Amino acid sequence: MTEMFSTLFGQNDAQGPPGSSSLGFGPGKPAPPMPQNQVSMTGQMPPQLGDEGPALRKPGAMNEPFYLLRELPVGNELTGNTNLITHYNLEHAYNKFCGKKVKEKLSNFLPELPGMIDCPGTQDGSSLRSLIDKPPVCGNSFSPLTGALLTGFRLHTGPLPEQYRLMHIQPPKKKSKHKHKHHRPQDPLPQETPSDSDPKKKKKKRDDDPDRKKKKKDKKKKKNRHSPDHPGLAGSQPNSNSLR
Amino acid sequence: MAEKFDNLEEHLEKFIENIRQMGIIVSDFQPSSQTGLNQKLNFMISGLQDIEKCRQQLHEINVPLEVFEYIDQGRNPQLYTKECLERALARNEQVKGKIDTMTKFKSLLISELSKVFPEEMSKYKAIHGEDAPS
């Protein structure tokens, strides 16, 4: 390593003594033959090294007693040394979000929004990312529908098929720990509207009765299983509506 | 500023409520519901017009894309704000620690160098002053 260093300085001095002796590395030794790679390196060495240095030094270091001593950078008033949250008056926000427990689900942030909003948007194609990837057509004006256009919205009477019934499905609410009530979390609950109040209340009452009737029937069937007279489970009694 | 958001929020809530009511009408449609449905359809279009008007007031608002990821996952977007604040505070503390450590090292180095090279260090202090800016 020192031999390479000395030979590099030795070649910069024009026909002078070996560079190693002038730099005080040791007695003058003939420079060993250098491989070709190092020859090319010396050719590329900048002329700053050696006696030509002072003219090419940076102005800030020229008059200093210490080599390469530069001026210290101007200190910023705002550094990591200050509490940036108090500096930008974010204490209230910090206490609000980090002091209390923030609930995980989106429905806690938007409690009044209907439908199943806690599910990932990619499942039903309602993700915001898809809006960015495929932005909708904008710029057209919205004009109200005329009578001719409204004829296209004449619908058939009757309920929707079950596969299209999405509006009435609500997310599961608080799980009741009472053993008497048997709530099914997957059951779609009807929404409270003035138009749907009376018939669905009646349906709720009817639902309570068939549950009790079923329990009684199950008990009867269990008793009848043991008796040799009855053929077996027929199970042909009419049930209530599928909507519960 | 908050008024623009309140205005938009109000329009969006009305729009969503209107859509929800349309869904109820459609789920079990009756012939007498046709006029109501037509009215809801036109109310939906006027709602879109109102939302379009709100857009002009909010064109300077920027939303980080990471918030969209939270919403798409069904997570509360306030968690993003919380995590940003926590990360900022942690980073602030980390940088403050580095500054304190470097300040202590500087003072220690100057004191030790002053013991070994008193003359040079006096020149250095004369150039940069006794209290160099940190």
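Predicted model: local features only at pLDDT ≥ 70, side-chain atom pairs only at ≥ 80, totals over all residues.
## Overall layout

Chain A has 244 residues, and 12% of them count as buried.

Chain B brings five helices and one strand. Its pattern from the N terminus is α-β-α-α-α-α. Of the 134 residues in chain B, 27% are buried.

## A tyrosine pair in chain B

If you like aromatic contacts, there is one to look at: a search over all chains turns up one aromatic pair. The partners are B:Tyr70 and B:Tyr80, arranged edge-to-face, with 5.8 Å from centre to centre and 70° between the planes. The pair ties together parts that are 10 residues apart in sequence, because B:Tyr70 belongs to helix 3 (residues 65–72) of chain B while B:Tyr80 belongs to helix 4 (residues 78–116) of that chain.

Next, have a look at B:Gln21, a residue of helix 1 (residues 2–27) in chain B. Its relative accessibility is 27%, so B:Gln21 counts as partly exposed, given that this class runs between the buried limit of 20% and the exposed limit of 50%.

Which residue does the side chain of B:Gln21 touch through a polar contact? The partner is the side chain of B:Lys40, at 2.4 Å. Along the sequence, B:Gln21 and B:Lys40 are 19 residues apart, and their C-alpha atoms are 8.2 Å apart in space.

## A nonpolar surface patch in chain A

On the surface of chain A, three residues form a nonpolar patch: A:Leu78, A:Tyr88 and A:Leu90.

One of the three, A:Leu90, sits in the loop that runs between helix 6 (84–87) and helix 7 (91–99) of chain A. A:Leu90 has a relative accessible area of 34%, so this leucine is partly exposed.

## Positive phi values in chain A

Some backbone angles deserve a glance too. Most residues other than glycine have a negative phi. A:Asn89 is not a glycine, yet its phi is positive, at about 55°. You will find A:Asn89 in the loop between helix 6 and helix 7 of chain A. With 66% relative accessibility, A:Asn89 counts as exposed.

A:Leu68 also has a positive phi, near 65°, and it too is a residue other than glycine. Its place is the loop between helix 5 (59–62) and helix 6 of chain A. A:Leu68 has a relative accessibility of 48%, so it counts as partly exposed.

## Cysteines

A disulfide is a covalent bond between the sulfur atoms of two cysteines. How many disulfides does the model have over all chains? With sulfur atoms required to lie within 2.5 Å, the count over all chains is zero.

A:Cys119 is partly exposed, at 31% relative accessibility, whereas B:Cys54 is buried, at 3%.

Note on methods:
Residues numbered from 1 in each chain as written. Chains lettered and ligands numbered in written order. Heavy atoms only, no water. Buried < 20%, exposed > 50% of the residue type's maximum accessible area, 1.4 Å probe, protein only. Phe/Tyr/Trp six-rings, centres within 6.5 Å; stacked < 30°, edge-to-face > 60°. Helix = DSSP H or I, 4+ residues; strand = E, 2+ residues; numbered from the N terminus. Patch = residues over 30% accessible without salt bridge, like charges linked within 9 Å, V, L, I, M, F, W, Y side chains within 5 Å. Areas by Shrake-Rupley, 256 points an atom, 1.4 Å probe, with all protein chains shown as cover. Salt bridge = Lys/Arg side-chain N within 4 Å of Asp/Glu carboxyl O. Polar contact = N/O pair within 3.5 Å; in protein donor to acceptor, adjacent residues only side chain to side chain.
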